[in-house]
Amino acid sequence: SSPIAITNTHSVGVVRDASIAWSVKAGKTFQPWSLPVVAETYDGRLNDINGFHVKPEHVVQAIESAAGGRVAEGNVGGGTGMICYEFKCGTGTASRKLTTQQGSYTVGVLVQANHGRRGELRIAGAPVGQDIPVPAVPGGGALPPAVEEQGSIIIIVATDAPLLPHQLERIARRATMGLARTGATSGNGSGDIFLAFSTANDGVAAAPREIHVNMLSNSRISALFSATVEA
């Protein structure tokens, strides 16, 4: 029932506080407390992470400017300082639309990619990362090899299919299968976060009494699993 915020590791606190302050001011709280969802990935190689440059006003601006339509990708928001398979990376998105027979539901995925070693990268199953050398550092030399993956990745799955929490947990787990298709193995130093939510059954959190919710039959959920993995 609250915005999902994505930032860098050392900005979690300020983003959390600013999200709560915005919710209170906007009258969006449904109870006397707030527990906003704030996810993070580490961008300390490219960002002055201890400079604490993310401020409350940036959080408010991000929330209030959120809108439907095409999503900004690449060097934007929390993705600005991220590295993926030792390439400059950031924020990306994709979606799938199920057929009419499958329910015409949409699955959208937003990724903040900050993970993987170059040699792991696979595209359409081909180990292309093994044939792409790590580039030289400006001024001479080369980037040190990534002995152990120390990145992170956040994958957020949104759908309009009427799914209950236990079904959404199953959807979130399928995101790992899509990630694995790109070659990732989620090393010990990688903090990987997968979240899923549904826009169906809107408003139930504020219902004062008994409520009725819709739930997609589990016998029809496999198409959503496939769409999640592909997206």
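Is M215 buried, exposed or partly exposed, and what relative accessibility puts it there?

Modeller: Happy to! This is a predicted model, so local features need pLDDT of at least 70, side-chain atom pairs count only at pLDDT 80 or more, and totals for chains, interfaces and linings use all residues. Residues are numbered from 1 along each chain as its sequence is written, and side-chain values use heavy atoms, with hydrogens and water left out.

M215 counts as partly exposed because its relative accessibility is 43%; buried means under 20% relative accessible area, exposed over 50%, and partly exposed in between, with a 1.4 Å probe and protein chains only. You will find M215 in the loop that runs between β8 (191–198) and α4 (222–230). Helices (H or I, at least four residues) and strands (E, at least two) are DSSP runs, numbered from the N terminus. Not counting residues up to four places away in sequence, M215 touches P162, L164, H166 and Q167, where contact means heavy atoms within 4.5 Å.

Now move on to helix α4, where T228 lies. T228 is buried, because its relative accessible area is 3%. Leaving aside neighbours within four places in sequence, T228 is in contact with V107, V109, V157, I171, R174 and A175.
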